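Open the model in your viewer and keep the selection panel at hand. The stops below say what to select and what is there.

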Amino acid sequence: MSQDSTTVPETSRKLSGRRRREIVAVLLFSGGPIFESSIPLSVFGIDRQDAGVPRYRLLVCAGEDVPLRTTGGLELTAPYGLEALSRAGTVVVPAWRSITQPPPAAALDALRRAHEEGARIVGLCTGAFVLAAAGLLDGRPATTHWMYAPTLAKRYPSVHVDPRELFVDDGDVLTSAGTAAGIDLCLHIVRTDHGADAAGALARRLVVPPRRSGGQERYLDRSLPEEIGADPLAEVVAWALEHLHEQFDVEALAARAYMSRRTFDRRFRSLTGSAPLQWLITQRVLQAQRLLETSDYSVDEVAGRCGFRSPVALRGHFRRQLGSSPAAYRAAYRARRPQGGPAERPDRPDRLERLERLERLERADRPDRAEVIEPRVGDHSLPLRRPGAPGASTGHSGHPPHHHHAPHPEPGKPESDAYAPRLPEQAAGRVPGRPSLPGQRERPVG
């Protein structure tokens, strides 16, 4: 279950032995960042019954027999070892020190045993790598920090990595995105255990929203992993990043690498965990984002300088990846960072009206002034309009039609140009805006 779902999966096993649902064990390793490590300690380790938050019993456990050094050279002392995990109904792994190092075998065995005995296992940020190494994510949906999602998908192809979500609840195994998303998942656990009122009271004490909307999409940066630097493909990738203002596609990159399109796609995926076309589109969107923040170019000029064939193509990709139109993004960015004078509040009514006018102006080049959505493969009808716009297509119940996943295209099948108005994920029948990582299968919606 993603963080936007409204139902909670049931845990598949009953607690056994000495385990108690209210006991939470936090598994710490040397080299783990202190922020992520402190999240479950603060959420589950402080008595806030005066604020209406039920109390948990916290066990802080060392995952290895070495000094627990953390951020800034601080050294921590855990009062318990791995044996204390046998009492916990929930085990939290807040982080792992390095995605390139294997976790200790003893810790992995303890996690497997806890899961077999019905404990709920939670991985925050890079803690997902520990859960994956223990085999607890095999065949399951999971997430992690967007920066490490391609590596997780590449190293553990049986894990269905979704880099868009702030957290994923799969019943007895839960994972979160990076850093602050760990707070979102811990609040979700409290909400699952004790209800929305308890989670809301805790959120107020922590001075955070009880439930954040959206996911990691707006934070995604699909730069290549460091390990590609020594690969011959790195030269081609460097060329692509230096020539984003030009209109070229993946076929051109494959030709520069002296490879066939299929070989290039396969090689690129194996190195980066991402399809070359998706990476190229995202790099163009990121370049557009930078120009919108740092220049006065019009949206049309930004589209041309980022290699998009038209402003329509830029707007479609930009909205799907960042959740906003280019003009609205620029206005909101400048409202947060004024060029002088007092900061203008972006939530003022006149500001919101101006943002809406900007979005309407963006669509002024279209005859019906409505945002056109390209039809999916096999749909020969006229393009659909955005739900809520005049003439928008709806289902029989009056609600917008739901998008469902369709099977991936055949392996090696060439994808369309990165700068074309028609989106490649629509051409393949996939849901727009959902990054695809290797080794994953499509899961039905619902």
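Start by selecting residues 23–46, the span that an unreviewed UniProt entry annotates as "transmembrane region". In this predicted model, the chain over residues 23–46 is 50% helix and 25% strand.

The average is 76, and 67% of the residues score at least 70. Now pick out residues 4–8, where the pLDDT is below 50. Beyond near neighbours in sequence, residues 4–8 have eight contacts in the model. Residues 340–349 also have a pLDDT below 50, with nine contacts beyond near neighbours in sequence. Where pLDDT is low, the predicted coordinates should not be read in detail.

Next, show the strands. Which order do the six strands of the open sheet follow? Going across, the order is E2-E1-E5-E6-E10-E9, and the pairing is mixed. At the edges are E2 (57–62) and E9 (167–169), each of which pairs on one side only. On average, neighbouring strands of this sheet are turned by 20 degrees against each other, direction ignored.

Stay with the sheet and select helix H1, residues 34–45. Helix H1 packs on the sheet and touches E1 (20–28), E2 and E5 (88–93). The direction of H1 makes about 155 degrees with that of E2.

Move along to E6 (residues 120–123) and E10 (residues 173–176), which pair in the parallel sense over three bridges. Within this pair, find glycine 123: opposite this residue stands threonine 175 of E10.

The largest nonpolar core has 36 residues. Those with the most contacts inside this core are Leu27, Leu85, Val91, Leu111, Ile121 and Leu137. The elements giving two or more residues to this core are the strands E1, E2 and E5, together with helices H2 (105–116), H3 (127–133) and H4 (149–155).

Zoom in on leucine 111. What does leucine 111 contact, leaving aside its neighbours within four places in sequence? The contacts are Leu27, Leu85, Val91, Val93, Ile121, Val130 and Leu136.

For the last stop, select Ala288, Leu292, Ala303 and Leu314, which are among the 32 residues of another core. This core lies apart from the largest one.

How values were computed:
Residues are numbered from 1 along each chain as its sequence is written. This is a predicted model: local features need pLDDT of at least 70, side-chain atom pairs count only at pLDDT 80 or more; totals for chains, interfaces and linings use all residues. Side-chain values use heavy atoms; hydrogens and water are left out. Two strands pair if DSSP finds at least two bridges between them. Helices (H or I, at least four residues) and strands (E, at least two) are DSSP runs, numbered from the N terminus. Axes are lines fitted to C-alpha atoms, for helices over the stretch in contact, and angles run from 0 to 180 degrees between N-to-C directions. Contact means heavy atoms within 4.5 Å. pLDDT is the predictor's confidence in each residue, from 0 to 100. A nonpolar core is a set of buried Ala, Val, Leu, Ile, Met, Phe, Trp, Tyr and Cys residues joined through side-chain atoms within 4.5 Å. Buried means under 20% relative accessible area, exposed over 50%, partly exposed in between (1.4 Å probe, protein chains only). UniProt positions are given in the numbering used here, feature names are shortened, and annotations may be inferred rather than shown by experiment.
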